[in-house]
Amino acid sequence: MEEKGNTSVRDERREAEAAPKGWEQEAADIAELDAEIRAEEDAEMRAELDAEIRAREDAEIKAELAAEAELSDEELEAAKEEYRRRQRKEIWANIRFFAISFVVIFAIFYVFPPYLVSGTSMNNTLSDKAFGFGIRFGELERGDIIVFSNDKTDGKDYIKRIIACPGDTIRLVNDEVYVNGELLEEDYAYYDPDSPFPYVTGYIPAEDGSGEMIPEYHLNEYTLGEDEYFVMGDNRHHSSDSRRIGCIRREDVKCRMLFFIWGKH
């Protein structure tokens, strides 16, 4: 019997193809030989890749060892200390950055507090859910829109307009407002025609001569003290303000509104 020796898989395939066989057996042999060839090729590729990876790893390790070998113990320790110093410096820089950012953001929102309107007492100037920013400092003037709270508001924030300032004399007659004897031109004031005036002090005959008695609102002249502000909502028939809770003081004011992002008409 002839010995095969180191005959390759491909030679075996040729011999298998040359031998007379049935077509089914021949197909099975060819498939088996193909599988062996693919396995042999995969093994060769894996071996080549493994060799390449090992070569790269060896090169990197040698480079690191060479770099370390060039440094003395003192130099290596100094390099480590320099690295730790840079790390500490970077950490403290990040801490300072976040601390300063927090302080700046807090200061901005403290000096310029945001405010979201709740309710309709400032219609038609401000709608419900109007949003804007105010400022805590500065002088208050007639016409300013402010946010305040005190014990008469049960600690709730109210947003109203300053109508009279310390030293002013105010008088109200129905839908007319007099400050220091002059009628205010209030294009911002809104009087709901479908709602009765909420602060009725009496009834007077209608001016049309019909004999109908209509409600009258009247506030006698009042001169504000040195730390008193008279405020009202622009929606005069639907506002709880100085006509009900009296004057407010400067310490009650949380901020004066600067501008609104949305909700201002």
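1. In this predicted model, strand 2 (residues 126–135) and strand 12 (residues 253–264) pair in the antiparallel sense, and six bridges connect them. One of the residue pairs that can be followed here is Leu126, whose bridge partner in strand 12 is Lys264.

2. Strand 2 is also joined to strand 1 (residues 114–116), again in an antiparallel arrangement, through three bridges. In this pairing Pro114 is found opposite Phe133 of strand 2.

3. The largest nonpolar core comprises eleven residues, among them Tyr115, Val117, Leu126, Ala130, Met257 and Phe260. At least two residues of this core are supplied by each of strand 2, strand 3 (145–148) and strand 12, and strand 12 provides the largest share, namely three residues. As a general background to such a grouping, nonpolar side chains in soluble globular proteins tend to be buried together.

4. Arg236 counts as buried because its relative accessible area is 1%, where the cut-off is under 20%. The side chain of Arg236 makes a polar contact, at 3.2 Å, with the side chain of Tyr191.

Conventions. Residues are numbered from 1 along each chain as its sequence is written. This is a predicted model: local features need pLDDT of at least 70, side-chain atom pairs count only at pLDDT 80 or more; totals for chains, interfaces and linings use all residues. Side-chain values use heavy atoms; hydrogens and water are left out. Two strands pair if DSSP finds at least two bridges between them. Helices (H or I, at least four residues) and strands (E, at least two) are DSSP runs, numbered from the N terminus. Buried means under 20% relative accessible area, exposed over 50%, partly exposed in between (1.4 Å probe, protein chains only). A polar contact is a pair of N or O atoms within 3.5 Å; within protein, one must be able to donate a hydrogen and the other to accept it, and residues adjacent in sequence count only if both atoms are side-chain atoms. A nonpolar core is a set of buried Ala, Val, Leu, Ile, Met, Phe, Trp, Tyr and Cys residues joined through side-chain atoms within 4.5 Å.
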